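Please open the model in your viewer and keep the selection panel at hand. The tour below goes from one selection to the next.

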Amino acid sequence: MNWIAPLSELSLADIDRVGAKAAHLGAMMRAGFNVPPGFVIDVDAFISHFGEVTDPLVKPTPPRLQAELMNNVMQALLTYLPDAGELAVRSSATDEDGQPASFAGQHSTYYFVTPNRIDQAILDCWMSLWSRAAIAYRRSGWVEVSSGETPRMAVIIQMMLPATRSGVVFSTDPVVADSTDCVIEATWGLGAALVDGRVTPDHVRINEDQGLYSYHVSDKRMQVSVSAENQAATRLQEIGQDQRNAPVLSTFEAYQISNTAAQLETLFDAPQDVEWAFVDDELFWLQSRPITSLAREHTFTEPLVIFKPLAENFTEPLTPLTEDLMASVLPKIGAFYEGRLYLNLDKLQKLNVFDLSEAELVDAALLRGLPDRLHISWQKLLKILPALGLAFLFDGAHWLRTQRASYAALARYADFTAAVKNNTKLTLQQAARQLIWGRWPFEPIGFRIFYTNVSAGRYFAYIGLLKAFTRRYAPDFPQEQLSTTFHGRGDMQSMELLKQTDYLSALLYRSLEADAELADKVAKIIKGNASELPSDSEFALAFETFLQGFGHRGPKELELASPSWRETPTELLKLLYNNPPREARVDQIHGNHLAARDTLNQHLKPWQRRITSFLIGRICHYMALRENTRHFHIMGFDTLRQKVLQLEHQLLREAKLRVAGDIFFLTEAEIGDLQQDEISATDAHTLIRKRRRDWQRQARLAAPLTLNIDRPVEVARGDLSGQCASPGDIQGVARVVTSLSEAHTLCAGEILIAPYTDPAWTPLFPRAAGVIVATGSFLSHAGTIARELQLPCLVDVQDCTRLIQTGQKLHLNATAGTITLL
């Protein structure tokens, strides 16, 4: 038998003979799409070597390849690929790339295969039908498997493309319901890094009218090397700094990909998930399959609500190691789902002493506020009074001490983290427990920084008292302007961070004008052609001093896999370079807060002023305490990350891990098993590969705010709406910034639209006229900094980065909580 068919002669009618992947490629070639040439070894060759597969979950013994097959393959190479020195050998199973399940990444592909090694690549492709990943996929419930099913494997052999850029395109957004947007993901080099989840790609969104909604440029730190020694696409290489944060595609290329995806959707009569690659400027199409659902059923039965203080720091799910360590040390009052922490509403209701409905409690848990009038449930209070008494005996002294906590007392945490870091006997879980909770109840408050942070939440209660008091005794004073009367103390670290980055930015620009050598070096560092500043420059010394105080800060601070500014100073340098000097606002705004208090006092009698002065003083104290304890407990996360990196370096030296960052996709117990050789490096890599793909899938899905809770459907309105975090009413032009790599695009006076903000975003705020974020609350970073700078700020505006486009003119009425697209 021949068993060989050229791709150009195949169609969808051949699926049973060559598998869906090969049949789709043939149909694409016949329709005129630019597909790399090649041929397929059909499933009859597979059957000839393996017989009929009776159990797809049991791996057979590898057969010897028949001489007749190899003779046919060599003849096909001469006929269909006479000029191809290197080949790509790809699987095409009969149960993959279908509508129910795609098996994406479960079967093997081999790159840069030379003709003298093609026999082993064919056999390995066949055997990947029973790879651990494929078997786990069949068992996972994504595809039904019965003993009567007989999956078979065809093998595609194509010309190898030395791809310079690769990616996938979804002709219809697979995540957002009822969306007709086209979504493109793009990265440098071969696409295997994207499929395996080892790189975060650029994310492009184009609407059905071929309008570019957004281009989110990601930090693409690694790429799969284009090398003949990289057959399994497992070898990664670092990307130069000039390419890491550069867009992979031009706007024209994005439109070209989107247009072709729409044509493929028409060709196959279904939304398509398509792989593509550029070799220099020539676009090739590598695969097209129906889009499979990204949703997954959960197994929880209890009502859950997302833990907002964590969710508002970044939108991506936690990595498995971060989730594992958090789950081991946090109180058992919830559960993790898809990398996000959820609180058990039933347990919250037991701790709640007020008469709140389920909907009101959910809003409180989502930090959306409380009812104007609260009524204590004395029955609930009496039930939990003994527990409250015990809690006060155990920890009340600490709460009392925080009433006068100074910055100097908190600063002792730095010495504590150094001791934990140097203690090599501590496991990761033990280190996490000490860094978060301290060692015992009565040690200095600077050693129990997380407790102190929680206690600082009292300022929300003081705000409630201030609102109630002014409503009664100063009814003519606008309640929405009350937040303008208080601000953090002068030692609040988030504002100190802003002052110092402003100073560094001004110093950098002065130095660049006066020092040609420094200007040349900074330009090379930003492009990735140099790594260190001239050590004797004034700016370099100031930069190093800043890193000593704030080097543990950075984006996504509560995620252990996220590097700090100390580890990636180039990212901080780029932020400063793209942040031109401006007139200082912080000191001026302090006077505005005092003026607002004077206005309030005009509505009050002397004894009433003393009460409001006390309440405002407490609010200012606890606001600063909350921000400052965050500054230090992030230092604890940075310390824990350094201990993780020490373990990772050891495992990389021993070749038990393949690339930096893999350790964050294992749990602590699995890391221990890997160290003790209780699991092999191969098994660990398979597990990491699967979890990276799962993480990428979860990152595409918007986290549900609640699980197992019936909430009223919000009626669609003409205006977008959200929660007021800082009052104000302005009109301006929108600038959508989805990551810090796009920070330089924000112009002075524009309205910043962001998915979230954390302290690394702080330097952007004084440049903005207003702020709108998709996730956040009154207590979030965005709200706190906006109030300090007296910027209108609206938080919890769901999907705002998609619904608002850069360049649109907006009317932002943060006081009323509305946004109007003008």
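Which residue caps the N-terminal end of α2? In this predicted model, the cap is Asp42, with a side-chain oxygen that lies 3.0 Å from the backbone nitrogen of Asp44.

Next, select the whole of helix α2, residues 43–50, where Val43, Ala45, Phe46, His49 and Phe50 are buried. If you look down the axis of α2, these buried residues fall within an arc of 150°, so they line one face of the helix.

Move on to Gln272, which has its place in strand β12, residues 272–279, and is buried, with a relative accessible area of 1%. A polar atom of the Gln272 side chain lies 3.1 Å from the backbone oxygen of Ala270, and a polar contact of 2.7 Å joins the side chain of Gln272 to that of Ser288. Beyond its neighbours within four places in sequence, Gln272 is in contact with residues including His24, Phe170, Leu264 and Ile291.

Finally, select helices α15 (413–422) and α16 (428–437), which pack at an angle of about 170° with their axes 11 Å apart; α15 is therefore roughly antiparallel to α16.

Methods
Residues are numbered from 1 along each chain as its sequence is written. This is a predicted model: local features need pLDDT of at least 70, side-chain atom pairs count only at pLDDT 80 or more; totals for chains, interfaces and linings use all residues. Side-chain values use heavy atoms; hydrogens and water are left out. Axes are lines fitted to C-alpha atoms, for helices over the stretch in contact, and angles run from 0 to 180 degrees between N-to-C directions. Helices (H or I, at least four residues) and strands (E, at least two) are DSSP runs, numbered from the N terminus. Angles under 35 degrees count as roughly parallel, over 145 as roughly antiparallel, 65 to 115 as roughly perpendicular and the rest as oblique. Buried means under 20% relative accessible area, exposed over 50%, partly exposed in between (1.4 Å probe, protein chains only). The arc is that of the directions from the helix axis to the C-beta atoms. A polar contact is a pair of N or O atoms within 3.5 Å; within protein, one must be able to donate a hydrogen and the other to accept it, and residues adjacent in sequence count only if both atoms are side-chain atoms. Contact means heavy atoms within 4.5 Å.
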